[in-house]
Amino acid sequence: MPSRHPSWLNHAPFDAAIVGAGVVGALTARALTRVGLRVILVEAGADPAGATKANSGIVHPGYDPERGTLKAALGLAGARAFEVTAAALGVPFRRTGSLMLAFDESEGQTLRHYLAQGRGRGLRGLRLLDREEVLTREPAVNPAVLAALYSPDTAVTSPFELAVAAVQGAIAGGAEAWREAEVTGVERGAAGFTIGTSRGQVRARRLVNAAGLGAKRVAGLAGHQGLDVRGRVGEYLLLDRDVEELVKMVLYPVPSPFSKGILVVPTVHGNVLLGPNAENLADADARANAVTRQGLAEVAEGARRLVPGLPIDRVIATFSGTRAVAGGDFVIEPSEQVPGLINVVGIASPGLTASPAIAGHVTRLLSGRTPPPEEPATGATALSESPRRTPGGGRIVCRCEGVTEAEVIAAIRGPFGATTLDGVKQRTRAGMGRCQGSFCGPRVVEIMARELGEPVSRVTKAGAGSELFSGRTKEAGP
Ligand SMILES: Cc1cc2nc3c(=O)[nH]c(=O)nc-3n(C[C@H](O)[C@H](O)[C@H](O)COP(=O)(O)OP(=O)(O)OC[C@H]3O[C@@H](n4cnc5c(N)ncnc54)[C@H](O)[C@@H]3O)c2cc1C
């Protein structure tokens with residue numbers, strides 16, 4: 001388990017501290033090390049714990065964000081940089097292509113607008129398909145469809161794996177990374193910031209606030225007032241892998257002004273994901289009860305509008321994620337109120353897509369330098385950076401996903417290894433399958449206790465406060 005780090009106050013200040021290890025903070029920390037800066041990444045959770053943990057996993061092509069916005073500029077640049085970034089980090093990435101489906105003439109007009117806008121942005125291969133062509137390519141689509149906008153560039157990826165690989169890449173580049181270290185106080189002095197966390201204090205000349213839903217609070221602690229960050233919840237249904245053949249491409253409806261709408265997504269791991277809906281919250285808190293009956297019904301109905309024959313009885317999991325929204329666009333700027341603070345706030349969709357470009361943009365703002373071009377990982381690096389690809393061998397622990405004990409051990413060991421059951425699940429997929437961990441959960445807990453040198457009663461689902469056992473365990477004896 002992580003220890004306190006009080007001694008860092010006596011060291012020279014870091015060039016920068018980054019708060020939040022979602023895709024944005026993690027890729028930014030890595031990018032800063034790639035221009036030679038000494039950085040520390042500080043994360044409240046045991047692992048990325050915000051929007052990066054629960055989203056649609058789509059690398060959007062970039063034809064729809066409104067002209068002149070950061071979402072348009074960085075979404076496009078991120079989409080272009082994504083494949084090579086994912087390859088450099090050994091993270092799954094698959095170009096599925098996408099169809100945006102129109103069911104009436106006014107939706108058809110929106111498709112024509114996006115087609116023109118996308119072509120104006122240099123997107124190649126975009127074209128309109130008529131009903132027949134749509135149904136030939138995707139026979140499960142609702143036959144009431146009129147037309148679709150086809151994009152060959154749309155891709156799917158694994159956001160959590162990307163964030164973890166980026167943290168590992170930052171560590172390999174010399175960064176320090178603290179987890180379960182919530183920022184609780186910030187003092188600004190002549191030489192920069194003293195940042196108080198639940199695991200000790202640290203000093204840094206600059207502060208990058210990439211705290212997602214926590215960004216308003218972190219900005220406030222540093223003395224920057226006036227940010228408005230609100231949560232927008234999206235719920236999901238995840239279908240079993242035995243329906244993988246149902247759709248090949250990402251299917252979008254024509255979006256509303258608030259969200260991209262409820263999608264049907266073939267995931268990078270072979271499931272089909274349905275969602276998200278969009279519910280605005282009054283403040284920046286993620287909703288405590290993750291899903292609602294009403295929300296999931298809305299998701300099922302929205303997805304069935306695109307694909308009427310969806311086998312909803314093949315649902316194996318439900319979950320939700322919360323977008324951090326700060327008005328209509330990303331807010332990425334040095335604070336005028338607090339010199340040395342850079343806010344990276346309101347990174348709602350397409351923030352995953354944009355994340356490699358956001359990291360480059362923040363690096364330029366902070367250092368005046370551009371990170372060197374990405375290079376695809378050599379076989380050996382890619383394997384060691386991604387525990388999923390560690391040669392398995394040995395005993396199968398998770399029968400649904402075919403995960404071996406060696407893979408679980410590899411996910412726990414090494415830099416930024418898993419310290420929680422969810423951490424193992426997200427890194428290896430043990431517990432992600434049809435039985436959702438009923439079979440492998442106890443085995444994984446046993447391996448974790450052994451590897452972490454802790455009693456099983458100290459193993460948590462997702463960090464302090466989510467212990468899996470209470471009272472006496474068999475291990476504790478009579
Ligand atoms: C439902 C949904 C669907 C989406 N679908 C897509 C999609 O398909 N494609 C796409 O491009 N984008 C999508 N997005 C957007 C994308 O997920 C986000 O833009 C992206 O994950 C934001 O990353 P982040 O690093 O800014 O924030 P987060 O991932 O939220 O990370 C912020 C981190 O800061 C930490 N933190 C907070 N407060 C503190 C503190 N005080 N001290 C220390 N750490 C702190 C949190 O624990 C968290 O780990 C979706 C988002 C949602 C919610």
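1. In this predicted model, Leu274 is in contact with Tyr236, Leu237, Leu239, Ile262, Val264, Val299, Ala300, Ala303 and Leu310, leaving aside residues up to four places away in sequence. Leu274 also belongs to the largest nonpolar core, which has 126 residues; together with Ala17, Leu41 and Leu251, Leu274 touches the most other members. Helix H2 gives this core its largest share, 9 residues. At least three residues come from each of domain 1 (1–93 + 154–227 + 327–385) and domain 2 (94–153 + 230–325). As general background, nonpolar side chains in soluble globular proteins tend to be buried together.

2. The protein chain is divided into three parts: domain 1 (1–93 + 154–227 + 327–385), domain 2 (94–153 + 230–325) and domain 3 (388–476). Taken over C-alpha atoms, the centres of domain 2 and domain 3 are 32 Å apart.

3. How are helices H2 and H8 packed, in terms of angle and axis distance? Helix H2 (residues 70–89) meets helix H8 (residues 351–367) at an angle of about 100°, and their axes lie 6 Å apart. H2 is therefore roughly perpendicular to H8, since angles of 65 to 115 degrees count as such. On the H2 side the contact involves Leu74, Gly75, Ala77, Gly78, Ala79, Ala81, Phe82 and Thr85; on the H8 side it involves Thr353, Ala354, Ser355, Pro356, Ala357, Ile358 and His361. By class, this contact comprises 9 nonpolar and 6 polar residues, with no charged residues.

4. The bond from Gly275 to Pro276 is cis, with omega near -5°, and Pro276 sits in the loop between strand S16 (272–275) and strand S17 (279–280). Ser349 and Pro350 are likewise joined by a cis peptide bond, for which omega is about 10°. Pro350 is located in the loop between strand S20 (341–345) and H8. For context, most peptide bonds are trans, and most residues other than glycine have a negative phi.

5. Positive phi values occur at two residues other than glycine that should be noted here: Glu180, with phi near 45°, and Gln436, with phi near 50°. Glu180 is found in the loop between strand S9 (176–178) and strand S10 (183–189). Is Glu180 buried or exposed? Glu180 counts as buried because it has 20 C-beta neighbours inside 10 Å, and the cut-off for burial is 20 or more. Gln436 lies in the loop between helix H11 (421–428) and helix H12 (441–452). With 15 other C-beta atoms within 10 Å, Gln436 is partly exposed.

6. Which residues does Val134 touch, not counting residues up to four places away in sequence? They are Leu99, Leu129, Val141, Val145 and Ala148. Val134 is part of helix H4 (residues 131–137), and it is buried, because 23 other C-beta atoms lie within 10 Å. Between the C-alpha atoms of Val134 and Gly463 the separation is 46 Å; these two residues are 329 residues apart along the chain.

Methods:
Residues are numbered from 1 along each chain as its sequence is written. This is a predicted model: local features need pLDDT of at least 70, side-chain atom pairs count only at pLDDT 80 or more; totals for chains, interfaces and linings use all residues. Axes are lines fitted to C-alpha atoms, for helices over the stretch in contact, and angles run from 0 to 180 degrees between N-to-C directions. Helices (H or I, at least four residues) and strands (E, at least two) are DSSP runs, numbered from the N terminus. Angles under 35 degrees count as roughly parallel, over 145 as roughly antiparallel, 65 to 115 as roughly perpendicular and the rest as oblique. Two residues are in contact if their C-beta atoms, placed from the backbone, lie within 7 Å. Ala, Val, Leu, Ile, Met, Phe, Trp, Tyr, Cys and Pro count as nonpolar, Asp, Glu, Lys and Arg as charged, and the others, Gly among them, as polar. A nonpolar core is a set of buried Ala, Val, Leu, Ile, Met, Phe, Trp, Tyr and Cys residues joined through C-beta atoms within 7 Å. A residue is buried if 20 or more other C-beta atoms lie within 10 Å of its own, exposed if 12 or fewer, and partly exposed in between; C-beta atoms are placed from the backbone. Domain bounds come from an automatic or database domain assignment.
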